[in-house]
Amino acid sequence: MSFLSIFILFFSLQTLSANEVNLFTTRHYESDLKLYNEFSEQTGIKVNVISGKSKPLEKRIIEEGRSCEGDVFFLADAGRLVSAQEKGLFKRIGSLSIKKKVPKQFRSSHWVGITKRARIIFFNPEFTKYEDIKDLSYDDLSNPQYRNSIAIRQSNNVYNQSLVSSIIENKGLNFTKNWLNGLVKNFSRQPTGNDRAQILSVAAGESKFAIANTYYYALMASGQKGEGQKKASEKVKPLFPNQNNRGTHMNISGVGILTHSPNTENAIKFIEFLLTSKAQKHIVNNTYEYPIIDAVQPSELIQKLGSNFKQDNTTNVLSYGKWQKKAFELMRQAKWN
Ligand SMILES: [Fe+2]
């Protein structure tokens, strides 16, 4: 074969393999799409986005098996990433540059965290003095002194399941059972609504404490959810629990490469891109999550909440997946609806 024909063959093979990456995602942010466009402009790799809820997407991936064209699966919550890995949905991520960027408690051999989320307590300074609660830990939320105080969403919410899993991991099953019984007695109302609904309840003086992820607060404070919610956000203050011990509960949103991914090289490039300072800045300034890399600062709205709090950097997020089912079972047993 002449040099010229090898040359021609090489280029025709290049055009045969599709220059794209197929992304299955449970994230629902418009701003993510803008970011993916930037990736395409930079690399020439087209990002085909298939969005949906985690269970239907997972079902589709399993049913399609080898013929599934998905490359990357983007999920919110470590518990979901662990369960996808356990079902064999992900292939190993070999890239060293990816591993180096993500602290080891926020990744496994098969997935990596892209953003971090803090699940904290919000209170209303009109009714509660900061001085009285500044040392609060998640453990204290079951204390009888807080009867009829806590607004939190339902037990089927995965963020709550991960929070309870972290208590099991750190304190054991017996402690958690008792803790849950006390916690449920302290609910100010039957759990309902999303995290913003809990913050609204505290702003209105109906509940003493709301348990919510910080980005819900920032979304309210940004005005994107209307003037009423912006005003409500101004009535509440953050309390970062567990500052005297392991730190505040942190969760992640993250990605894995699907087992039958047809465009694995592009998938790796895509993940590497999500971990660049530029992409991380874009994410944190639009969704108000925390960056997974140290080089980037959280958005200004989030920094106002306090950026020097102690994050739980010791509990491996793998444990959220490990205890997820048990956590849900115990939550139901404690009559958390
Ligand atoms: Fe969320």
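Analyst: Let us start with the words for angles: an angle under 35 degrees counts as roughly parallel, over 145 as roughly antiparallel, 65 to 115 as roughly perpendicular, and the rest as oblique. The model you see is predicted, and local features need pLDDT of at least 70, side-chain atom pairs count only at pLDDT 80 or more, while totals for chains, interfaces and linings use all residues. Residues are numbered from 1 along each chain as its sequence is written. Helices (H or I, at least four residues) and strands (E, at least two) are DSSP runs, numbered from the N terminus.

Now for helix H11. The axes of helix H10 (residues 214–221) and H11 cross at roughly 120° and come within 7 Å; such axes are lines fitted to C-alpha atoms, for helices over the stretch in contact, with angles from 0 to 180 degrees between N-to-C directions. H10 and H11 are therefore oblique to each other. On the H10 side, Tyr217, Met220 and Ala221 make the contact, and on the H11 side Gln229, Lys230, Ala232 and Ser233 do. Two residues are in contact here if their C-beta atoms, placed from the backbone, lie within 7 Å. By class, the contact of H10 with H11 has four nonpolar, two polar and one charged residues. In this scheme Ala, Val, Leu, Ile, Met, Phe, Trp, Tyr, Cys and Pro are nonpolar, Asp, Glu, Lys and Arg are charged, and the others, Gly among them, are polar.

H11 (residues 227–234) also packs with helix H9 (residues 195–203), at an angle of about 60° and with the axes 9 Å apart. That angle makes H9 oblique to H11. Their crossing is left-handed, a term used if the near helix is turned anticlockwise from the far one by less than a right angle (clockwise would be right-handed). Arg196, Ile199, Leu200 and Ala203 of H9 meet Gln229, Ala232 and Ser233 of H11. This contact holds four nonpolar, two polar and one charged residues.

Stepping back, the protein is divided into domain 1 (16–116 + 251–298) and domain 2 (117–249 + 310–333), with bounds from an automatic or database domain assignment. Their C-alpha centres lie 27 Å apart. Across the boundary, 19 residues of domain 1 are in contact with 20 residues of domain 2. On the domain 1 side, the elements that give two or more residues are helix H4 (78–86), strand E5 (111–123) and strand E9 (250–258). H4 gives the most to that side, with six residues. The residues on that side divide into seven nonpolar, eight polar and four charged.

Finally, some single residues. Most residues other than glycine have a negative phi. Tyr288, not a glycine, has a positive phi of about 65°. You can find Tyr288 in the loop between helix H13 (277–287) and strand E10 (290–291). Tyr288 counts as buried because it has 25 C-beta neighbours inside 10 Å; buried needs 20 or more other C-beta atoms, placed from the backbone, within 10 Å, exposed means 12 or fewer, and partly exposed lies in between. Lys335 also has a positive phi, near 70°, and sits in the segment after helix H15 (318–333). With 12 other C-beta atoms within 10 Å, Lys335 is exposed. Gly44, in the loop between helix H2 (30–43) and strand E2 (46–51), counts as exposed because it has 9 C-beta neighbours inside 10 Å.
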